[in-house]
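Thank you all for coming; I would like to walk you slowly through one model today. Please have a look at the sequence and the structure first, and then we will go through some details together.

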Amino acid sequence: ALARRAPRLSRPTTVLLVALHVLVIASALWSLAPGRSATQGLLFALTTVTAVVVGDRIGVRGLLLALAVAAQVGVVLSQLAVRRSWPNTIDGNGDWSGIYLNRNSLGPVAMLALLATFGAMALWWQDRDGATSRSSRDVGLGAALGGALVVLVVLDVHTLLRSASLTPVVGAVVAVLTVIVAVLVPALQQRFASGRAASGGPVTEQVSPWPLVAAVVATWAGVAVVAMVGRSQLATNLDRSSTLSGRTELWGWLIDAISRRPFGGWGWLGVWEDRALEAEVVARFNVDFSTAHNAVIEMLLATGVFGALLLVATVGALIWPTVQLTAHSGGDRRLGVVAMGLVGYVVAVNQLETYVGANLLPWALLVGGAATCARTLADDAGSDRAAVPNPSRVSI
């Protein structure tokens, strides 16, 4: 039973995950802040292990439901905290932080609550539509859940607007575009395959995942180009800084800092404990930055070029099971589509915040989604094998 329930992530993915965490933890040996590097590195690894185990067991529906419930609790408590004027719930600019550290901590919670609730309800509704009969109790339950959904959505949107956090909005836009691509590309492939079959060509059970990979990467790259080209105009229209609150200037300065230690790095999150560097950052930007606000740059700072390449390869390996499930011809393909939305969100927000670091929820979602998609693929493959009779056991 234990062997059957072992996580089904592929061996290359497991090797990449292990190598990444070994490097991160080992960086404490040469870190500017060994204690913090070791502690945060171990928490990073523990988050990954937990996400693999939990994601493997609760599935996409369970992952969405758990995220929706947890995030909605945070939204409701933040609303309550603001209404009751708890300390530090509103910053000096009038933006909400609720029960969290700042507005950029509250905003992602509200957005994840919104996305996860919609995703969970969409899957539930499709499951419900698949039922052959419905009782009046089912209709009443659907109406009650629909009413609760409307209330929660209003709370989520209101909280998001009052936080004035833009990073989760960018993530949501990329998530929606990723879902659209994940729906359209396999559908077009299947239509093309049906046309070939009608003309006497070979019939395939499953479309290739590679066109989906190409389409998703092209979409992400297109969004990045549009964002870079239109950044100044967009920032002006939103009454924001064209430097993304100093991020672009920080990135340019950090890239120069990375060149000082291009291979070993400064240790996992240890560079932010260097008081000389801290003084240099404050003197230049008049802001006390505590993260790189970009996952790849953070990894470059921590472990050098090799670590950044390892991170990119690991993220690619974690996305692969989701792409495979999305391209799957079976009924669970919609689970892959929803999981692709989470992937798009995580990849996007990690370009503006360091969620592969001290704040690990998006990373946990990426790992947990990969684990549950890999399990679903393995279970589907096992079901297909069980459905095929063994010729050696056919009785006459």
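This is a predicted model: local features need pLDDT of at least 70, side-chain atom pairs count only at pLDDT 80 or more; totals for chains, interfaces and linings use all residues.

**Salt bridges and the helices around them**

Let me begin with R36, which forms a salt bridge with E273, the closest N and O atoms being 3.3 Å apart; by salt bridge I mean a side-chain nitrogen of Lys or Arg within 4 Å of a carboxyl oxygen of Asp or Glu. This pair links distant parts of the chain, since R36 sits in helix α2 while E273 sits in the loop between α8 (247-258) and α9 (275-285), 237 residues apart. Helices here are DSSP runs of H or I with at least four residues, strands are runs of E with at least two, and both are numbered from the N terminus.

Residues are numbered from 1 along each chain as its sequence is written, and side-chain values use heavy atoms, with hydrogens and water left out.

How exposed are the two partners? R36 counts as partly exposed because its relative accessibility is 25%, and E273 is also partly exposed, with a relative accessible area of 30%; buried means under 20%, exposed over 50%, and partly exposed in between, with a 1.4 Å probe and protein chains only.

The structure holds nine salt bridges. Another of them joins R103 and D95, with the closest N and O atoms 3.7 Å apart, and here R103 is buried at 18%, as is D95 at 15%.

Now back to helix α2, residues 34-83, which has 50 residues although its end C-alpha atoms are only 42 Å apart, short of the 74 Å that a straight helix would reach at 1.5 Å a residue; that expected span is 1.5 Å times one less than the number of residues. Helix α2 bends by about 110 degrees at G59, where the bend is the angle between axes fitted to the seven residues ending there and the seven starting there.

Taken as a whole, the protein chain has twelve helices and zero strands, and buried residues make up 44% of its 396 residues.
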